[in-house]
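Here is a friendly note to go with your first look at this structure. Please keep the view open and go through the points in order.

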Amino acid sequence: MTITGPLGRIGLGLAALGRPAYINLGRVEELPARRDVAAMRAATHTVLDEAYRAGVRWVDVARSYGLAEEFLASWLDERGPADVTVSSKWGYAYVGDWRLDAEVHEAKEHSLTRFRTQWAETRALLGSSVSLYQVHSLTADSPLFTDRPLLESLAALAGAGVRVGFSTSGPAQADTIRRAFELEVAGARVFTAVQSTWNLLERSAGPALAEAHAAGNLVLVKETLANGRLVTEPPPELARIAGTRETGTDAVALTAVLAQPWADTVLVGPSSSAQLDANLAAVAVKLDEDELAALDGIGEAPAEYWARRSSLHWQ
């Protein structure tokens, strides 16, 4: 079944469900009281079931999302859906040892060895169901840009039929996006997809994402609710519009992302079925031009936004 309309553009990210600790605000109260592996697997399966019933057909994971790939693999094996698109990411390793109080939860390394290791791990769990494999949190200072053996290996993966992309983070997302799409191996572009942060508070990547979309690349949007900030501490104008519309601030914020014509897949990252339902309410919201214009004024400077994100605690 092909899902059309706004719902067909929504994807489910498992960053908040694949590991016991994460930085999303408003997450803790939605999770099982005991966040052991079995409980988190069950919670993940419940949200996947609900999302699939609602019509969501894209699921995004990563090697660093704890056991998210494993949880998704077991759900795919048990349910057997033939119409789910799976994307994953490599470059960060989960090192939190399933502890809430771990000093470090992720370790980043953009190297050929890390790519080969993690691609083998992803394939072992998800097999051929992965349609898109992405460099996780590419930034302008990544050694990837000058690592020809790594770029050649990524190009070889693309040549084997797996779409290759990258995600971005930080205040210089736009520069990273433009630079990454210029990378070529044997005259062919290495990347044909990008996953970037864009939300009502952080819009700086918008022009570069529009350019990427116009050039035929796939654009995924992540952190659409600013790691929960737009729900737990919404700007007054967002809260006002949500109140007028008698819906949640998450639905209004996601509607603003869906209004961007360059956003092919808009990711949500709920921690429970209740949060998922509140997110999916966005498909019924139609903001007018005055409301969209009012929301344009609530953004933050990129440096301020990313500094605040860096200060969020894993919990």
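1. Over which ring does the charged end of R57 sit? That ring belongs to Y52, and the charged end of R57 is 3.6 Å from the ring's centre. Before going further, please note that this is a predicted model. A second case to look up is R179, whose charged end sits over the ring of F145, 4.0 Å from the centre.

2. Stay with R57 for a moment, as this residue also forms a salt bridge with D83, where the closest N and O atoms are 2.9 Å apart. D83 is in the loop between α2 (68–79) and β3 (85–90), while R57 is in the loop between α1 (37–54) and β2 (58–60), so this pair ties together parts 26 residues apart in sequence. Are the two partners buried or exposed? R57 has 13% relative accessibility and counts as buried because the cut-off for that class is under 20%. D83, at 23% relative accessibility, counts as partly exposed.

3. How many salt bridges does a search of the whole structure find? The number is 22.

4. Another salt bridge worth a look joins R245 and E291, with 2.6 Å between the closest N and O atoms. R245 belongs to helix α8 (residues 236–245) and E291 to helix α11 (residues 289–295), so the pair ties together parts that are 46 residues apart in sequence. E291 counts as buried, at 11% relative accessibility, whereas R245 counts as partly exposed, at 33%.

5. Which residues are linked in a network of salt bridges? Please select R229, E233, E300 and R308, which are linked in this way. Within the group, E233 forms a salt bridge with R229, and their closest N and O atoms are 3.4 Å apart. R229 is buried, with a relative accessible area of 7%, and E233 is partly exposed, with a relative accessible area of 35%.

6. Now for the rings: the whole structure contains 10 aromatic pairs, according to a search. One of them is Y22 with W314, whose ring centres are 5.6 Å apart; their planes stand at 75 degrees, so the pair is edge-to-face. This pair links distant parts of the chain, 292 residues apart: Y22 is in the loop between β1 (10–13) and α1, and W314 is in the segment after α12 (302–311). Y22 is buried, with a relative accessible area of 9%, while W314 counts as partly exposed at 29% relative accessibility. Elsewhere among the aromatic residues, W90, F115, W119 and Y133 are linked into a cluster by ring pairs.

7. Y22 comes up again at the largest pocket, which holds about 940 Å³ of space and has a lining of 50 residues. Which residues lie nearest the centre of this pocket? They are Y22, N24, E223, N227 and R309. Elements giving two or more residues to the lining include β5 (106–108), β6 (130–138), α7 (229–232) and β12 (265–268). α10 (273–280) and α12 are also among them, and α10 gives the most, with four residues.

8. Next, please find H213 in helix α6 (residues 206–214). This residue is partly exposed, with a relative accessible area of 29%. What does H213 touch, apart from its neighbours within four places in sequence? The contacts of H213 are V219, P261, W262 and D264. For a sense of distance, the C-alpha atoms of H213 and T192 are separated by 9.7 Å, and these two residues are 21 residues apart along the chain.

9. A last stop is A172, in the loop between β7 (163–168) and α5 (173–180). A172 counts as partly exposed, at 35% relative accessibility. From its C-alpha atom to that of A124, 48 residues apart along the chain, the separation is 34 Å.

How values were computed. Residues are numbered from 1 along each chain as its sequence is written. This is a predicted model: local features need pLDDT of at least 70, side-chain atom pairs count only at pLDDT 80 or more; totals for chains, interfaces and linings use all residues. Side-chain values use heavy atoms; hydrogens and water are left out. A salt bridge is a side-chain nitrogen of Lys or Arg within 4 Å of a carboxyl oxygen of Asp or Glu. Buried means under 20% relative accessible area, exposed over 50%, partly exposed in between (1.4 Å probe, protein chains only). Contact means heavy atoms within 4.5 Å. Rings of Phe, Tyr and Trp (its six-membered ring) pair if their centres lie within 6.5 Å; planes under 30 degrees apart count as stacked, over 60 as edge-to-face and the rest as tilted. A charge sits over a ring if NZ of Lys or CZ of Arg is within 6 Å of the ring centre and within 35 degrees of the ring normal. On a 1 Å grid over the protein atoms alone, a cavity is a set of points where a 1.4 Å probe fits but cannot get out, and a pocket is an open set with protein on both sides within 12 Å along at least five of seven lines; lining residues have an atom within 4 Å of a point. Grid points are joined across faces, edges and corners, and a volume is the space filled by probe spheres set on the points.
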